[in-house]
Amino acid sequence: MTTQNVVAFEDCTSCIGKVRVAASKSDLFLPAITEPLAALGGRHIALCQKQLLKSLETGGGGGGARASAWVDSTRSSSPTQIKSTASLPETEEQSSWILRYPSALETFEQIISASKGKQIVMFLDYDGTLSPIVDDPDQAFMSKDMREAVRDVAAYFPTAIVSGRCRDKVYNFVKLAELYYAGSHGMDIKGPSKPRRKWNKGNQAVIFQAATEFLPMIDEVYTTLLNKTSSIPGAKVENNKFCLSVHFRCVEEKRWAALTEQVKMVLSAYPKLKLTRGRKVLEIRPTIMWDKGKALEFLLESLGYANSSNVLPIYIGDDQTDEDAFKVLRDRGQGFGILVSRVAKETSATYSLQEPFEVKEFLRRLVVERNRWLLQG
Ligand SMILES: O=P(O)(O)OC[C@H]1O[C@H](O[C@H]2O[C@H](CO)[C@@H](O)[C@H](O)[C@H]2O)[C@H](O)[C@@H](O)[C@@H]1O
């Protein structure tokens, strides 16, 4: 280390000022803060960053605080598969969160009584809801038990899988022909290939694709991103047909910023695409007004329940993109969103479940309850 890199805090004022301006313009990302400093060298970076973050925490510029918060929350909010939550101590934040978003298992009777005389329609996200979060997206299999639980639920209630994955891929994981599938964050919808005769009110042969004109653009960006991210170990680009995912779960934390910047740089040439983030993934999709919430509304309409008061949609999901569906249910004042999360998160859902295991229990209990009603006549 050379002495010229060791700069006293007082000497860094202009640097901090410059960086703070960059940070305030950056909504998501750390590189806007770290890159101007990187040019200055090792020790200087550490001192300046420490000083900068301290100054931002005490009110000097939202972008930097947001960026640092982003790294912190991303690190803690999406761990890869946790085997059991039984022994985890509950923090004060979690206890107050669970009061606001009670467990759908603990409040099961309440949900059941709201469903009396109504047709439940079940919407299920895939990753983190039906399958545990794992490092390799191609290995995110659901258990046999979970498949059975979904199959049983679908025997009583119209059921749709609503996923960020491309439709074919999510079908290959779930493998149940009696379900509706909405892939690519709801932009690619198809009805069951083995429909149940019971749901004869609506249109089961539904096929809907909201963003076909974006296919060539998505393919082009996919190829570019494969090239541009190939030097970042652990980065993975997934083609989800009408959208793309850039995974950073297996990327060293110190490289998250560089990866994000790379993706942003590629996207700057495509104003018709937008960038959102999920669980250690950057998601790229067309800027059209279509999301999982619109897919939910579309499916309800296809099933003949557009304006019905005799329907109770239940949407279970774990990710940011599921919030669009939770909001739709809130706005309709109909049905419930159930967020799958072990950590306290802002959400428009009504209830919570901690992990896929609890989702399976919830689905099973719905089936048991429905059987009981049928037996009682
Ligand atoms: O809407 P979803 O079905 O929840 O899809 C959202 C993304 O899920 C997948 O990524 C997530 O799960 C992976 C496997 O557990 C995990 O490795 C990754 O970190 C998670 O973000 C999927 O691979 C993405 O394409 C979806 O956009």
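User: Between which domains does the ligand lie, and why do we say so?

Analyst: Domain bounds come from an automatic or database domain assignment. Here domain 2 (92-210 + 290-376) and domain 3 (213-286) both give residues to the shell around the ligand, so the ligand lies between them. Bear in mind that this is a predicted model, where local features need pLDDT of at least 70, side-chain atom pairs count only at pLDDT 80 or more, and totals for chains, interfaces and linings use all residues. Residues are numbered from 1 along each chain as its sequence is written.

User: Which residues come nearest to the ligand?

Analyst: A residue is near a molecule if its C-beta atom, placed from the backbone, lies within 6 Å of it. Of the 24 residues around the ligand, Asp 127, Pro 137, Ser 163, Gly 164 and Ser 245 come nearest.

User: How many residues of the protein count as buried?

Analyst: Buried means that 20 or more other C-beta atoms lie within 10 Å of a residue's own, with C-beta atoms placed from the backbone. Of the 377 residues, 41% count as buried. In helix H10, Trp 256, Ala 257 and Leu 259 are among the buried residues. Helices are DSSP runs (H or I, at least four residues), numbered from the N terminus.

User: Which residues touch the most other members of the largest nonpolar core?

Analyst: A nonpolar core joins buried Ala, Val, Leu, Ile, Met, Phe, Trp, Tyr and Cys residues through C-beta atoms within 7 Å. In the largest one, of 52 residues, Phe 123 and Ile 161 touch the most other members. Apart from that core lies another, of 23 residues, including Leu 225 and Val 263.

How values were computed:
Buried ≥ 20, exposed ≤ 12 C-beta atoms within 10 Å, placed from the backbone. Helix = DSSP H or I, 4+ residues; strand = E, 2+ residues; numbered from the N terminus.
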